[in-house]
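Notebook open. I'm looking up ligand contacts, a helix pair and some aromatic rings.

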Amino acid sequence: MTDRPHYGTTAKLLHWVIVALLAVQYPIGWLMPDIHRGQAPGAAMTFHISFGIIILVLILVRFIWRLTHPVAPESTLPAWQRLSSEAVHWMLYVLVLATTVSGWLFASFRGWTVSFLYMMPLPMLASDNAAAGKAIDGLHQAAEWSLLVLICLHVATALVHLLIYRDRIMQRMLPG
Ligand code: HEM
Ligand code: HEM
């Protein structure tokens, strides 16, 4: 398959919808109240889990789209920038996947019954298991923080290209 020179509308749309959902997901995660043993998850947790599942589905779609619609790196970039951006993009996919799956496992090990956006019951991946829940909670937090650090690096790099190098990297992901 020949690599395309530009990202298409679908790739751009998926990129920015995932960015928007993550921008909502982090504040909900930090602001939602703790849920103690025996308590049922409230609205904030229901939305956090539902948005998380949407992010999981979209990142899988985005990844399949990337595999089936490869885009060539910008030809003017030096080799080290091409390699490092490729590595960061791969890690972003891996960390979004790790964050969403660890969150889903954590909710499952708590033995909760959760709805997807109050529309239908959400299937759980495992049954109640307090010890496993504790271990996975640490993983969800490690994944979510590592993802945030990498996102900051990714955004900072995009800004360096836009404001300092003044090349066309940022334009690659913008509409048009
Ligand atoms: C990329 C998507 C996600 C992000 C960025 C994210 C982020 C967060 C954040 C920031 C917190 C607060 C924890 C802290 O204080 O550090 C949190 C907690 C939590 N998240 Fe997520 N989350 C995501 C996906 C999910 C998914 C898909 C689920 C479940 C299906 C989930 C379930 C939970 C649960 C149960 C907690 C509470 C943990 C606790 O009580 O300690 N998350 N998440
Ligand atoms: C304001 C925030 C963001 C900006 C300005 C931005 C900008 C960009 C730009 C300009 C590219 C194209 C780079 C190139 O082709 O060399 C890109 C690609 C990419 N971005 Fe972002 N991004 C942002 C947030 C995010 C977030 C939150 C994620 C988290 C999942 C993300 C994941 C990716 C991935 C995976 C690619 C590679 C696409 C591919 O080739 O499959 N971006 N981004």
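For polar contacts I take pairs of N or O atoms within 3.5 Å; within protein, one must be able to donate a hydrogen and the other to accept it, and residues adjacent in sequence count only if both atoms are side-chain atoms. This is a predicted model, where local features need pLDDT of at least 70, side-chain atom pairs count only at pLDDT 80 or more, and totals for chains, interfaces and linings use all residues. Residues are numbered from 1 along each chain as its sequence is written, chains are lettered from A and ligands numbered from 1 in the order written, and side-chain values use heavy atoms, leaving out hydrogens and water.

**Ligand 1.** I checked D137: a polar side-chain atom there sits 3.1 Å from a ligand oxygen atom. E144 has a side-chain N or O atom 2.5 Å from an oxygen atom of ligand 1. For H48, I get 2.8 Å from a polar side-chain atom to a ligand nitrogen atom.

**Helices.** I use DSSP runs (H or I, at least four residues), numbered from the N terminus. Helix α2 (residues 43–68) and helix α3 (residues 79–109) have axes that come within 10 Å and cross at roughly 145 degrees; axes are lines fitted to C-alpha atoms over the stretch in contact, with angles from 0 to 180 degrees between N-to-C directions.

**Rings.** I pair Phe, Tyr and Trp rings (for Trp, the six-membered one) with centres within 6.5 Å; planes under 30 degrees apart are stacked, over 60 edge-to-face, the rest tilted. That gives seven aromatic pairs. W30 and W145 have ring centres 5.5 Å apart and planes at 40 degrees, so I log the pair as tilted. The pair links distant parts of the chain, with W30 in helix α1 (residues 9–31) and W145 in helix α4 (residues 130–165), 115 residues apart.

Key. Helices (H or I, at least four residues) and strands (E, at least two) are DSSP runs, numbered from the N terminus.
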